[in-house]
Amino acid sequence: MGLDIGGTTMLAVLCDRELNIVDQISAATPAREGNGAMAACALALARALLERNDCVLSALGVGAAGVIDRESGTVVTASDSFVGWAGTPLGPLLASGLGIPVVLENDVNAFLAGEMAAGAARNRQHVLGITLGTGVGGAVAFDGHIIHGAHGAAGEIGHIPGFGNDPCTCGQRGHLETLASGRSISRRYFQRSGRSRTARDIAGAARLGDADAGQVFSDAGQGVARGILMAAGLADISAAVIGGGVAHAWDLLSPAMEEVLANEPPVNGHVIAVRRSALGHQAVAVGACASALSSLGELPVPSATRH
């Protein structure tokens, strides 16, 4: 089973050993109610999915927001969207409640694992994963393995500086997240137009010819491309896969990304393959399943069938 603990929704998926989704269930995330409510919701989802499928569960993989200590299964740091989330020993809590091994992973790392196992980055070995949602998350893989870094924060491209001077949700300024997250797109559009709209509404306005709306998406796409080029220069990645709610506006982001990547190619001279997520909202949960299988010593071998 894979569990995606997102800021608004929790999604649990039951997969076979080929990572085909057998069943899934979701619920609203009680993010403002504290870690006790969050853990209880996660347990309830897992139990409900097991009960209606009458099966034996081998392991649970969890993709959770925040910096994760994988050895202890603890959420080390988290955004202010989650009340009381930092310091939560989520892995041990779920393992005790279900009586099975639990692998806790950062949600963007799980996203990338899912896309590499069964999505847009399949058969890629050196990949950058980016999620554009409420914030901007990142993950990186070398030689087919997710890299966690010294403190569990490898690949966090959303919090690299050099993108202006606007305040970031982390307390710093000028991070990529201030250009390319859903919240920043809304804020930047308001600054330009004086109109308060969601990122989805702004995308719709851009498609109808709203110049301010088009510009904020162009700025976001250019920023993401520059972030990809930074990663390519440092880590020699060959591909990037992008997901999250803002990626639904791919038609607005992609032209700006392609222009920057064409005008400023990486020093290795090779074109970086940039792809939109193939697994969509299921990517984190499927990637959590892949992590759980790997923890059991079973490498997931996806079939061509997806549900």
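A: Contact means heavy atoms within 4.5 Å. Axes are lines fitted to C-alpha atoms, for helices over the stretch in contact, and angles run from 0 to 180 degrees between N-to-C directions. Helices (H or I, at least four residues) and strands (E, at least two) are DSSP runs, numbered from the N terminus.

Q: And the ground rules?
A: The model is predicted: local features need pLDDT of at least 70, side-chain atom pairs count only at pLDDT 80 or more, and totals for chains, interfaces and linings use all residues. Numbering starts from 1 along each chain as its sequence is written, and side-chain values use heavy atoms, with hydrogens and water left out.

Q: OK, what does helix α3 lie across?
A: Helix α3, residues 107-118, lies across β4 and β7. It runs at about 100° to β7.

Q: What's the strand order in that open sheet of five?
A: The order is β3-β2-β1-β4-β7, with mixed pairing. Two strands pair if DSSP finds at least two bridges between them. Twist averages 15° from one strand to the next.

Q: How many bridges join β1 to β4?
A: Four, and the two strands run parallel. Strand β1 covers residues 2-5 and β4 covers 60-64. Ile-5 has Ala-64 as its bridge partner in β4.

Q: Is Cys-15 buried or exposed?
A: Buried, at 17% relative accessibility. Cys-289 is buried too, at 3%. The cut-offs: buried is under 20% relative accessible area, exposed is over 50%, partly exposed is in between (1.4 Å probe, protein chains only).

Q: Which residues have the most contacts inside the largest nonpolar core?
A: Ile-130, Leu-132, Phe-217, Ile-228 and Ile-242, in a core of 42 residues. Such a core is a set of buried Ala, Val, Leu, Ile, Met, Phe, Trp, Tyr and Cys residues joined through side-chain atoms within 4.5 Å.

Q: Which element gives the most to this core?
A: α7, with ten residues.

Q: What about Arg-226, where is that?
A: In helix α7, residues 211-235. Arg-226 counts as partly exposed, at 28% relative accessibility. Leaving aside neighbours within four places in sequence, Arg-226 is in contact with Phe-163, Leu-179 and Val-260.
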